[in-house]
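Thanks for making the time, everyone.

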Amino acid sequence: MNRGAVLAQMRNTNMLTKSLDRLAETIEQENAALLARDLTALSEFNRRKSQSLLEITRLIRSTNEGSLAGELTQRFAELREKLEINQDILARYMRAAQEVSEIISGAIHSANSDGTYSAPLTHAGASA
């Protein structure tokens, strides 16, 4: 590999490291916001994560496979841990939203029902 190619690989590896660091920082900030129940910046976090993933994808395509070892492997492992925590927090939010929507749906159904199609409640042995 000539000197120019080596320098290009080093530059790509450096840029990839910085992109991974930015993504990790964004995920940490999103996790902190979610745990603080601050949902005001979710669209900004999503935009930043999408941008980082685009950058990382492009940089990986132009980086020599041998350059992805060592420090970058460790960074990917750390990023994976942060993403797993993020996924867990987001899953809890989704479960809570599902529960709330079921409660609201049940309340709407009850409010709209006039009892026409409901079975009458009777106690055993009592006549209706």
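The secondary structure of the protein chain comes to three helices and zero strands, where helices (H or I, at least four residues) and strands (E, at least two) are DSSP runs numbered from the N terminus. Read along the sequence, that gives the pattern α-α-α. Please keep in mind that this is a predicted model, in which local features need pLDDT of at least 70 and side-chain atom pairs count only at pLDDT 80 or more, while totals for chains, interfaces and linings use all residues. Residues are numbered from 1 along each chain as its sequence is written, and side-chain values use heavy atoms, with hydrogens and water left out.

Of the 128 residues in the protein chain, 20% are buried, and by buried I mean under 20% relative accessible area, with exposed meaning over 50% and partly exposed in between, for a 1.4 Å probe and protein chains only. Contact here means heavy atoms within 4.5 Å, and among contacts between residues at least 6 apart in sequence, 78% join residues at least 24 apart.

Let me turn to how the helices pack. α1 and α2 pack at an angle of about 160°, their axes being 9 Å apart; the axes are lines fitted to C-alpha atoms, for helices over the stretch in contact, and angles run from 0 to 180 degrees between N-to-C directions. The two helices α1 and α2 are therefore roughly antiparallel, a label that applies to angles over 145 degrees. The residues of this contact of α1 with α2 divide into 13 nonpolar, six polar and five charged.

Which residues form the largest nonpolar core? There are nine: Leu16, Leu20, Leu23, Ala24, Ile27, Ile56, Leu59, Leu72 and Leu79, a core being a set of buried Ala, Val, Leu, Ile, Met, Phe, Trp, Tyr and Cys residues joined through side-chain atoms within 4.5 Å. The elements giving two or more residues to this core are α1 (3-35), α2 (42-61) and α3 (71-112), and α1 gives the most, with five. Leaving aside neighbours within four places in sequence, Leu79 is in contact with Leu20, Leu23, Ala24 and Ile27.

Finally, Leu68 is found in the loop between α2 and α3. Is Leu68 buried or partly exposed? With a relative accessible area of 21%, Leu68 is partly exposed. Leaving aside neighbours within four places in sequence, Leu68 is in contact with Leu16, Ile60, Thr63 and Thr73.

Note on methods
Parallel < 35°, antiparallel > 145°, perpendicular 65-115°, else oblique. Nonpolar A, V, L, I, M, F, W, Y, C, P; charged D, E, K, R; others polar.
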